[in-house]
Amino acid sequence: MNHITTLSAQPRRTRRIVFLGLAVLCVASAVLVVRRPLMMSAPRCMAGQWHGCFDTFNGVVLMTLVALPLAVLVVWALAHRRRAAGVSWAWRRSVAEVGMMHGTVPFVWLTMMPGAAAGTAPARVSLVPLRDLVTMGPVGIVGNLLIFAALGFFAPMRFAALASVPRILALGAGCSALVETAQYVLQLDRVSSVDDVLVNATGAVLAGLASRRWWRTAAPASSDRPCSVPTHAPAA
């Protein structure tokens with residue numbers, strides 16, 4: 001039996017090593033691709049200058065990467081506190097909460113950046129479905145798919161009430177509609193398009209399907225109360 005257990009554990013160990021190697025390779029490739037643009041914005045960000053850091057794509061990406069160790073520390077602190085209190089699913093809840101924030105806020109920030117004629121150009125709205133997909137291009141489509149991908153991935157892991165495809169679709173569409181409405185009201189020199197809502201919601205659904213194995217459809221209550229152990233009165 002011990003020999004069989006050892007043999008079954010070897011493929012798992014091999015898969016973990018392969019996945020870890022692929023993850024390291026992907027991270028190294030991403031760093032190599034964005035190294036030059038990020039280094040262009042690094043001096044301004046390190047100096048605390050708003051212009052050239054927080055109002056540019058490179059600057060926001062750089063600050064997101066810099067804040068990643070802090071996000072990992074927050075996950076560890078939340079999970080440690082919850083485990084000490086006896087809360088169930090401590091690590092999953094902590095990762096989901098921090099992941100939703102860290103993976104969504106930077107994309108929404110980029111989406112809400114004003115254009116060159118913000119405040120002066122008239123607000124533009126496109127309500128014809130699929131008309132703007134051609135003008136988006138591959139980069140634009142991928143970017144729109146990623147805006148609420150973290151929300152769609154982690155929200156059903158944290159909240160059992162969202163653990164279904166229609167609800168994730170409604171969540172992504174609702175959040176995207178709020179962003180498009182804000183762009184129109186604030187006159188950010190951006191086109192408020194129904195295609196953005198469709199693509200953003202699709203990205204949330206695809207990410208939600210990717211995390212489906214970790215959904216908690218029959219999980220305990222979503223509060224952080226410690227699990228109580230029932231006690232039985234001693235028999236007379």
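Student: At what angle do α6 and helix α7 pack, and how far apart are their axes?

Tutor: This is a predicted model. Two packed helices are described by the angle between their axes and the distance between the axes. For α6 and α7 (residues 165-186), the angle is about 135° and the axes are 10 Å apart.

Student: Which residues make that contact?

Tutor: Take each helix in turn. From α7 come Ile-168, Leu-171 and Cys-175. From α6 come Leu-151, Gly-152, Ala-155 and Pro-156.

Student: In which hand does α6 pass α7?

Tutor: The hand is a separate point from the angle. The crossing of α6 and α7 is right-handed.

Student: How far apart are the end C-alpha atoms of helix α5?

Tutor: Helix α5 runs over residues 133-147 and has 15 residues. A straight helix would reach 21 Å at 1.5 Å a residue. The ends of α5 fall short of that, at only 16 Å.

Student: Which helices do the buried residues of α5 pack against?

Tutor: First find the buried residues of α5: Met-136, Gly-137, Asn-144 and Ile-147. Then look for their partners. The buried residues of α5 pack against α4 (90-111), α6 (149-158) and α8 (194-210).

Student: Is Trp-89 buried or partly exposed, and what is its relative accessible area?

Tutor: Trp-89 sits in the loop between α3 (68-84) and α4. Its phi is near 55°, positive in a residue other than glycine. Buried means under 20% relative accessible area and exposed means over 50%, so Trp-89 counts as partly exposed, at 37%.

Student: What is the phi of Asp-189?

Tutor: Most residues other than glycine have a negative phi. Asp-189 is in the loop between α7 and β2 (191-193). It is not a glycine, yet its phi is positive, at about 60°.

Student: What pattern does the protein follow along the sequence?

Tutor: Begin with the elements: eight helices and two strands. Now read them along the sequence. The pattern is α-α-α-α-β-α-α-α-β-α.

Conventions. Residues are numbered from 1 along each chain as its sequence is written. This is a predicted model: local features need pLDDT of at least 70, side-chain atom pairs count only at pLDDT 80 or more; totals for chains, interfaces and linings use all residues. Side-chain values use heavy atoms; hydrogens and water are left out. Helices (H or I, at least four residues) and strands (E, at least two) are DSSP runs, numbered from the N terminus. The expected span of a helix is 1.5 Å times one less than its number of residues. Buried means under 20% relative accessible area, exposed over 50%, partly exposed in between (1.4 Å probe, protein chains only). Contact means heavy atoms within 4.5 Å. Axes are lines fitted to C-alpha atoms, for helices over the stretch in contact, and angles run from 0 to 180 degrees between N-to-C directions. A crossing is left-handed if the near helix is turned anticlockwise from the far one by less than a right angle, and right-handed if clockwise.
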